[in-house]
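Morning, everyone. Please put the next model up on the screen. I'll keep this short.

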Amino acid sequence: MMVMLLPSPYPVYSTINILIFQTFAFLAFASHLRAMFTDPGAVPKGNATKEMIQQMGFREGQVIFKCPKCCSIKPERAHHCSVCQRCIRKMDHHCPWVNNCVGENNQKYFVLFTFYIAMISVHALFLSFNQFIMCVRHEWKECSSYSPPATVVLLLFLVLEALLFAIFTSVMLGTQLQAIWNDETGIEQLKKEEARWVKKSRWKSIQAVFGRFSLAWFSPFTRPPPKTKLESYLYSV
């Protein structure tokens, strides 16, 4: 903003790129907050009691998995997080970036967070290279409010930072999309667990996280598709 956009002699170019950058930044920040504060799908602690099992309506002789660490009925594809000390439905991993698990209820927000950070990084790389070319053409005159050496240092720092985050978040985004596409979480891939569940088609797997295709896919302000009434009852009591 201070080195390239605000001092730019081209107001249209500057205004358009300021709007793009700030929009991506706002959406990335909102996605980060939603991923951080949304319950990832935690299973209630201590619900593996005889009374609770009877109340949930399980059939006699039906196999029920119990987590020995948090004493909860362990739903299919749930895993215990040693950091959160809870079982998380469709847990992918615990992310220190958002200080939360990435699971069934907040995976969409985490994917959007990595997507928008990657977009910001690519945009910053484009602006940096464009600025460098413009400065060379103008022989470093009126291309920045800083001196030429300071401008070069700041541009190089921005390029390295943007490149680092672009690569890292793109890899994270790719692994998340691959996991969704294959209907297999990161932990399931890591442990090479045999699929005991009925795998969805690739398109159904994507819809399970993002919902029906619309612009809402890219919004951190829309919720993931709701679970069935039976699932909501079983895992909320």
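The chain exposes about 14,200 Å². Carbon and sulfur atoms supply 65% of that area. Accessible areas come from the Shrake-Rupley method with a 1.4 Å probe, and for residues only the protein chains shown count as cover. A word on the source: this is a predicted model, where local features need pLDDT of at least 70, side-chain atom pairs count only at pLDDT 80 or more, and totals for chains, interfaces and linings use all residues. Residues are numbered from 1 along each chain as its sequence is written, and side-chain values use heavy atoms, with hydrogens and water left out.

Now the overall form. The C-alpha atoms fill a box of roughly 80 × 35 × 25 Å along the principal axes. The radius of gyration, taken over C-alpha atoms, is 23 Å. A compact globule of 237 residues would have one near 18 Å, by the rule of 2.2 Å times the number of residues to the power 0.38.

Next, the elements. There are 7 helices and 6 strands. These are DSSP runs, numbered from the N terminus: helices are H or I, at least four residues, and strands are E, at least two. The order from the N terminus is α-α-β-β-β-β-β-β-α-α-α-α-α.

Zoom in on β3, residues 78–81, and β4, residues 86–89. They pair antiparallel over 4 bridges (pairing takes at least two DSSP bridges). Ala78 stands opposite Arg89 in β4. The two strands form a hairpin with 4 residues between them. In that turn, Gln85 has a positive phi of about 60°.
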